[in-house]
Amino acid sequence: MKLKYYLRGLGIGIIISVLILSLSGSTARMSDSEVIKRAEELGYTKSNENSDKIKDHMNENSSSAPEESSAAPEEQTSVEQPAEPSSAEPATVEPAPEPATTTTSDTSITITIADGEYSDVIASRLAAAGAVSDADDFNKYLISKGYDRLIYKGQCIIPPGADYEQIAQILISKDK
């Protein structure tokens, strides 16, 4: 097959596809406020637990160098489905309970990780509980190994004397 016939067919196909899609499709896009309003109408609630952290993190990323922005954790807005949807009542915004850190009698440390919590917050809570000696060092370790993006929510039990790798494996395991 000659190249000019191939290119002619490709060009005609692209033009016809553009015409069909422009005539048939509706391109109505919803703004962020319309999406939030529609979600509230459907009974979803917006979690405000990390809104200040996300804004601070976004401001830090916008002022940092481009090579640093690729190593930053992804920002996510979490939307939770209510347990009993009711179309008669308006949706309410409820703050999530504060995650707990406790120490059990055998000196193992129990930490509860909330949904959307950043690795630096988890590292500082582990340092405060005595599981790690330096929060910044542990957070850098999580980032360097890529574990900061794999942390699951839930309750974790850290055994006494666990090193960084053991703690990281506990944090990223689904079966807590």
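I looked up Arg125 and found this residue in helix 5. The model is predicted, and I read every value with that in mind.

I then checked the cover on Arg125. Its relative accessible area is 13%, so Arg125 is buried. The cut-off for buried is under 20%.

Next I asked what the side chain of Arg125 contacts. I found a polar contact with the side chain of Glu117, at 2.6 Å. A polar atom of the Arg125 side chain also lies 2.5 Å from the backbone oxygen of Thr112.

I moved on to Glu117. I placed Glu117 in the loop between strand 4 (109-113) and helix 5 (119-129). Is Glu117 buried or exposed? Its relative accessibility is 11%, so I noted Glu117 as buried. I also looked for a backbone partner. A polar atom of the Glu117 side chain lies 3.0 Å from the backbone nitrogen of Ala114. So much for Glu117.

Which residues form the negative surface patch? I listed Asp120, Asp134, Asp136 and Asp137.

I found Asp134 in the loop between helix 5 and helix 6 (135-145). Its relative accessibility is 36%, so Asp134 counts as partly exposed.

Glu117 is buried at 11%, whereas Asp134 is partly exposed at 36%.

Technical notes
Residues numbered from 1 in each chain as written. Predicted model: local features only at pLDDT ≥ 70, side-chain atom pairs only at ≥ 80, totals over all residues. Heavy atoms only, no water. Helix = DSSP H or I, 4+ residues; strand = E, 2+ residues; numbered from the N terminus. Buried < 20%, exposed > 50% of the residue type's maximum accessible area, 1.4 Å probe, protein only. Polar contact = N/O pair within 3.5 Å; in protein donor to acceptor, adjacent residues only side chain to side chain. Patch = residues over 30% accessible without salt bridge, like charges linked within 9 Å, V, L, I, M, F, W, Y side chains within 5 Å. Areas by Shrake-Rupley, 256 points an atom, 1.4 Å probe, with all protein chains shown as cover. Salt bridge = Lys/Arg side-chain N within 4 Å of Asp/Glu carboxyl O. Lys, Arg positive; Asp, Glu negative; His and termini not counted. Charge placed at Lys NZ, Arg CZ, Asp CG, Glu CD.
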